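Subject: Structure for your review

Dear colleague,

Please find the structure below, handed over for your records.

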Amino acid sequence: EPGRSWRLLIRQLGRGRALVRMIDRSDAVSAEKMRVDFVANASHELRTPLSTVLGYAETLADESDLPSELRLKFGGTIRDEAGRMLRIIEDLMSLSRIEADRFVAPSETVDLGQVVATCVSNASVVRNGRKCEFAVKIAPDLPMVRGDPGLLTQVFDNLLSNAVRYGCDRADAKVEVSTARHGRWVTVAVTDHGAGIPREHLPRVTERFYRVDAARSRESGGTGLGLAIVKHIVERHRGSLEIKSTVGVGTTVTVKIPVEA
Ligand code: ADP
């Protein structure tokens with residue numbers, strides 16, 4: 001019966017539309033939830049050091065006969081915690097700048113090998129009083145990529161500081177950095193031989209404020225935003241980010257950026 005099949009078809013289409021509406025709505029709900037979570041996390045991350053600063057500042061202001069070593073200790077804590085807040089705010093500003101420029105394609109011609117070499121020479125090599133050695137291999141004749149040199153510098157600064165932060169505990173710690181061309185891509189790999197990242201955490205480490213070990217991240221100056229920034233910048237360059245890690249062996253983070261057309 002032709003009328004029946006039409007009715008059926010129309011009902012199917014209606015269901016399809018309802019499904020599409022449901023998917024749309026659930027996307028909007030999860031985006032909204034992410035935004036709410038983000039604001040809550042950012043407030044919490046800033047409130048913790050701020051409470052410490054206030055507490056010590058009040059003591060300094062109210063206690064006139066505080067021994068000088070306590071005065072120094074409290075002053076030092078205030079400086080460190082204020083520094084942490086500044087780092088968090090700078091990272092948040094970086095993230096929002098990158099998001100605001102989402103639709104502007106990076107347009108300069110960049111020599112990634114040179115960017116990486118500069119980042120390595122500026123990277124801090126001391127962690128907990130231990131020296132961390134860098135072994136760098138820059139492939140000759142690396143093709144140029146199209147990018148934003150400032151943002152790409154931020155990528156490798158972050159990856160190198162993570163490698164030092166989480167990978168340089170042993171006495172003979174070494175961080176390997178290498179660049180290569182693989183077909184249409186220029187790749188940069190940063191490998192450390194630190195504690196590694198447990199498998200169940202791997203998919204989440206690029207989320208804002210996600211940390212495997214929050215105490216360790218904070219103690220070493222982390223903000224929990226580094227890999228989120230890295231991921232955003234790499235995606236803006238139409239590149240990709242891959243993190244491979246084995247607990248007790250170490251971590252390799254590989255950035256791939258397309259060769260300039
Ligand atoms: P953070 O400022 O805390 O280092 P990131 O966004 O850079 O923030 O990294 C998120 C988390 O991923 C870190 O807190 C740490 O737990 C883990 N991580 C990142 N890089 C490494 C690494 N090279 N080795 C081990 N863990 C790492």
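Asp141 is exposed, with a relative accessible area of 79%. In this predicted model, Asp141 is found in the loop that runs between β4 (133-138) and β5 (145-147). Its backbone deserves a look: the phi of Asp141 is near 55°, a positive value in a residue other than glycine.

Phe209 also has a positive phi, of about 70°, although it is not a glycine. This residue lies in the loop between β7 (185-192) and α5 (214-219). Is Phe209 buried or exposed? At 8% relative accessibility, Phe209 counts as buried because the cut-off for that class is under 20%. Asp141, by contrast, is over the 50% that marks an exposed residue.

I turn next to the ligand. The ligand is surrounded by 19 residues, and the closest are Tyr166, Asp192, Ser217, Thr223 and Leu227. Asp192 places an N or O atom of its side chain 2.8 Å from a nitrogen atom of the ligand. On its own the ligand has 530 Å² of accessible area, of which the protein covers 95%.

Which elements give two or more residues to the shell around the ligand? They are α4 (149-167) and α6 (226-236). Helix α4 gives the most, with three residues. By residue class, the shell holds seven nonpolar, eight polar and four charged residues.

On the annotation, UniProt places the feature "domain: Histidine kinase" at residues 41-261, in an unreviewed entry. In the model, the end C-alpha atoms of residues 41-261 lie 40 Å apart. This span is 46% helix and 22% strand.

Finally, there is helix α2 (residues 68-100), which has 33 residues. From its first C-alpha to its last, α2 reaches 47 Å, close to the 48 Å expected at 1.5 Å a residue. Several of its residues are buried, including Phe74, Gly76, Ile78, Glu81, Arg84 and Met85. Further along α2, the buried residues include Ile88, Asp91, Leu92, Ser94, Leu95 and Ile98.

With kind regards

Conventions
Residues are numbered from 1 along each chain as its sequence is written. This is a predicted model: local features need pLDDT of at least 70, side-chain atom pairs count only at pLDDT 80 or more; totals for chains, interfaces and linings use all residues. Side-chain values use heavy atoms; hydrogens and water are left out. A residue is near a molecule or strand if one of its heavy atoms lies within 4 Å of it. A polar contact is a pair of N or O atoms within 3.5 Å; within protein, one must be able to donate a hydrogen and the other to accept it, and residues adjacent in sequence count only if both atoms are side-chain atoms. Accessible areas come from the Shrake-Rupley method with a 1.4 Å probe; for residues, only the protein chains shown count as cover. Helices (H or I, at least four residues) and strands (E, at least two) are DSSP runs, numbered from the N terminus. Ala, Val, Leu, Ile, Met, Phe, Trp, Tyr, Cys and Pro count as nonpolar, Asp, Glu, Lys and Arg as charged, and the others, Gly among them, as polar. UniProt positions are given in the numbering used here, feature names are shortened, and annotations may be inferred rather than shown by experiment. The expected span of a helix is 1.5 Å times one less than its number of residues. Buried means under 20% relative accessible area, exposed over 50%, partly exposed in between (1.4 Å probe, protein chains only).
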